[in-house]
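Q: Please walk me through reading helix packing and cavities.

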Amino acid sequence: LINCITRIMMRLQRTRLVMELTVIMVTFLSLMSVAEASAHGHNKHQEPLKYGIFTEECFVKFTEKQDFSDVDCIKKSVSKLVGYAIITGAFMLKVPQIIKIVSAGSVEGIAVMSYYTEVFMYTNTASFSMHLGLSFSVFGENLVILVQNMIIILLIWNYNKTIGIAQKGAFVVLAGLYMTILFQDQLISEDAWKMIQSSSNVMILFARCPQIYANFSAKSTGQLAFLTFLLNAVGANVRLLTVLVESDNFLYNLQFIVGAVLNTILLLQFFLYWNAPAKQ
């Protein structure tokens with residue numbers, strides 16, 4: 001009888017896990033279609049690019065005239081290449097963290113509020129980038145990381161039994177509504193966009209500072225994956241350089257400056273607490 005009850009409970013747990021994953025993925029896929037439509041609408045006024053990297057003028061200079069003296073062309077072309085490299089790397093950014101959580105069967109030391117905030121933060125960056133008509137190479141990794149954050153949140157919900165259904169439901173509803181409104185774009189005025197972008201700088205603080213404080217308090221990085229935060233810090237600093245080349249919007253650039261600083265602090269904490277046991 002005990003074995004039968006145990007098997008039933010395990011099946012129910014797996015069913016709940018699948019249902020939660022389905023809700024998150026359906027929500028994300030629906031919003032991705034909205035984001036894609038919005039991106040097409042904004043990018044139609046951009047100068048066409050050869051192979052998604054070179055402007056027509058730069059392509060002619062490089063291939064036909066063999067002229068590599070135009071510094072501006074070189075900067076923009078390299079920025080595009082680096083941008084696509086960052087997006088490619090983003091597909092593996094949080095995989096080490098996901099693997100470590102599953103392997104350990106624990107989310108000890110991981111601040112769920114940081115991941116909640118990151119969802120809104122990456123939504124802000126991606127949607128505002130589309131609103132500005134920036135190239136996908138400038139912000140594409142935000143959409144990739146958004147999916148990975150959803151998966152990590154799901155794992156936190158699965159392993160952290162103190163998180164109730166009310167918190168889970170509230171997050172899914174709020175995040176879903178927020179993404180829908182921002183990716184629609186036409187629902188938001190220019191003044192509202194400025195406020196949203198300004199809020200991104202505050203969100204970065206809320207996304208990173210709880211984890212920095214948790215590490216500091218425990219004198220340990222818990223179940224955090226070093227490789228994920230190494231890639232995060234390197235990617236944040238490299239992305240900052242490409243953004244400074246592609247955008248002259250101060251509010252937009254500021255979030256990348258703050259993000260690079262905070263991600264570097266998180267990385268340094270791994271070296272500071274590398275062999276230190278967690279504080280009891």
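Q: Which helices each supply at least two residues of the lining of the largest cavity?
A: Helix 5, helix 8 (190-218) and helix 9 do. Helices (H or I, at least four residues) are DSSP runs, numbered from the N terminus. The model is predicted: local features need pLDDT of at least 70, side-chain atom pairs count only at pLDDT 80 or more, and totals for chains, interfaces and linings use all residues. Residues are numbered from 1 along each chain as its sequence is written, and side-chain values use heavy atoms, without hydrogens and water.

Q: What volume does the largest cavity have?
A: A cavity is a set of points on a 1 Å grid, over the protein atoms alone, where a 1.4 Å probe fits but cannot get out; lining residues have an atom within 4 Å of a point. Grid points are joined across faces, edges and corners, and volume is the space filled by probe spheres set on them. Here the largest cavity has about 90 Å³. Among its lining residues are K94, E118, R208 and N232.

Q: How are two packed helices described?
A: By the angle between their axes and the distance between the axes. Axes are lines fitted to C-alpha atoms, for helices over the stretch in contact; angles run from 0 to 180 degrees between N-to-C directions. The axes of helix 5 (residues 112-132) and helix 7 (residues 165-184) come within 9 Å and cross at roughly 10°. That makes the two roughly parallel (under 35 degrees).

Q: Which residues of helix 6 meet helix 9?
A: Contact means heavy atoms within 4.5 Å. S137, V138, F139 and E141 in helix 6 meet R239, V243 and E246 in helix 9. The axes cross at roughly 140°.

Notes. Angles under 35 degrees count as roughly parallel, over 145 as roughly antiparallel, 65 to 115 as roughly perpendicular and the rest as oblique. On a 1 Å grid over the protein atoms alone, a cavity is a set of points where a 1.4 Å probe fits but cannot get out, and a pocket is an open set with protein on both sides within 12 Å along at least five of seven lines; lining residues have an atom within 4 Å of a point.
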